[in-house]
Amino acid sequence: GTTVFSGFAWPDPSIFYSRRIGRAPQGSLPSYDFADRPSGTSILGAGKVTGRVFDDWKMGVIQAVTNREFATIQKNGGESEIEVEPLTSYSVLRLQKDFDRGKQGFGILSTFTNRFFEDERLKPQMNSNALTVGLDGWTFLSDSREYVLQGWLAGSYINGSRERMLNVQTNSLHYFQRPDIGLSVDSSATSLKGLAGRLFLHKQTRPIWLNAAIGFITPGFDVNDLGYISTTNVISSHFQLGYFWLEPTDYYRSIRWFNTVYHQMDFNGNTTSNAFWTNVIYQFTNYYSLDVQFSYAPSSYSNRRTRGGPLTFNPPSINYVINASTDYRDPLVFQLIGQQVKSSADDYINIQAYAEYRPAPNFSITFGPSFVRDLNKGQWVGSYNDAS
């Protein structure tokens, strides 16, 4: 198998998110005095098939159909039923094959969503169809399997009415209307397509830890019909180097030290996140542990704070984190966490102290106080027209 460390501000998209099937109806309602709205969408039928096909390819298929759902509303003494979710078909296909006793692997993941509208009122509110096709794979770079190169690439395509595509282009995932990002809204569009991918290099063996990645998500990428994604218009990279002391001594059981630099920008070249980060995790001989982190973030820009408006400036900031914990093997574990983020625009403090009681392996109780203070000088207030 392979191991990949993926974080550092990367908004990792999920091509298939199973909770999309049977979720709460998405359609809005006209004005009403009272409404009885279903809390979920009924699944009329679903099936899953797994196995091996062709030349030992591992295969998995999911097919599900959800019901057309209605809400009951009362208005001015009258009662009516309003459609809030169309009949929908969800399809998922996964194929994967290992080569050379697992030294290489290749896979395909595809999802398709198809909605059957009867109420025209719903067409501007959700996509008619959504297709995603993704490829992924890995290869070890030597017989010792010390280094592994792993990556994935996916394309998305959605279509719907012109009003729906206009809503998609300007929603919080895409913000095509931003004035200084180099994007433009196409009011005549009936479809939207995008591409995303990421490539990793990871060192599997110790004591030296190495992890690096570069990834991108184009502004039009959208998998939220049968997957999940929170942000688009991203080009992200990181490089992490660490060292592990894993042989216990009279002074410690283990020490892990990570050093990372990461950078994120949009497709117009604006830096939206970057930092230098170091982290030491020290485990004492009695299994108590101390986790200390420090990072410095140079200046950058936010392309989301104004919610579709212009860029705003993020001044340089410093971040400290200290996390102390007692022996995690004990039934009662105490933990103290302190964090501060400091810049000319933000002063954030978070202090937590809690205890976790585990009377049994499958049962735990966590309790304790916390204190958070967040003073931020840059906040969204509203959208206003600029006469110029």
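Modeller: Of the 388 residues of the protein chain, 40% count as buried, where buried means under 20% relative accessible area, exposed means over 50%, and partly exposed covers what lies in between (1.4 Å probe, protein chains only). The model is predicted, so local features need pLDDT of at least 70 and side-chain atom pairs count only at pLDDT 80 or more, while totals for chains, interfaces and linings use all residues. Residues are numbered from 1 along each chain as its sequence is written, and side-chain values use heavy atoms, with hydrogens and water left out.

The chain comprises 1 helix and 22 strands; these are DSSP runs numbered from the N terminus, helices being H or I of at least four residues and strands E of at least two. Among contacts with a separation of 6 or more, 56% join residues 24 or more positions apart, a contact being heavy atoms within 4.5 Å.

β11 spans 208-217, and β12 spans 234-245.

T218 belongs to this loop. Its relative accessible area is 17%, and T218 is therefore classed as buried. A polar atom of the T218 side chain lies 2.8 Å from the backbone nitrogen of L195. Beyond residues up to four places away in sequence, T218 touches G194, L195, T232, N233 and F267.

N233, one of those partners, also lies in the loop. N233 has a positive phi of about 60° although it is not a glycine. Most residues other than glycine have a negative phi. N233 is counted as buried because its relative accessibility is 3%.

Y228 is a further residue of the loop, and it counts as partly exposed because its relative accessibility is 41%. Apart from neighbours within four places in sequence, Y228 is in contact with P13, S14, Y17, R20 and V223. Y228 and N114 stand 114 residues apart in sequence, with a C-alpha to C-alpha distance of 17 Å.

The chain also holds a nonpolar core, that is, a set of buried Ala, Val, Leu, Ile, Met, Phe, Trp, Tyr and Cys residues joined through side-chain atoms within 4.5 Å. The largest such core has 19 residues, of which I15, W152, I217, F221 and I229 touch the most other members. The elements that give two or more residues to this core are β6 (87-99), β9 (147-159), β10 (191-203) and β11. I15 touches L109, T111, T132, A154, F221, V223, L226 and G227, again leaving out residues up to four places away in sequence. A second, separate core of 8 residues includes F8, F258, A275 and W277.

Two neighbouring regions complete the picture. H238, in strand β12, is buried because its relative accessibility is 5%. The H238 side chain makes polar contacts with the side chains of N211, at 2.7 Å, and R198, at 3.5 Å. A polar contact is a pair of N or O atoms within 3.5 Å; within protein, one must be able to donate a hydrogen and the other to accept it, and residues adjacent in sequence count only if both atoms are side-chain atoms. In the loop between β10 and β11 sits P207, which is joined to R206 by a cis peptide bond with omega of about 15°.
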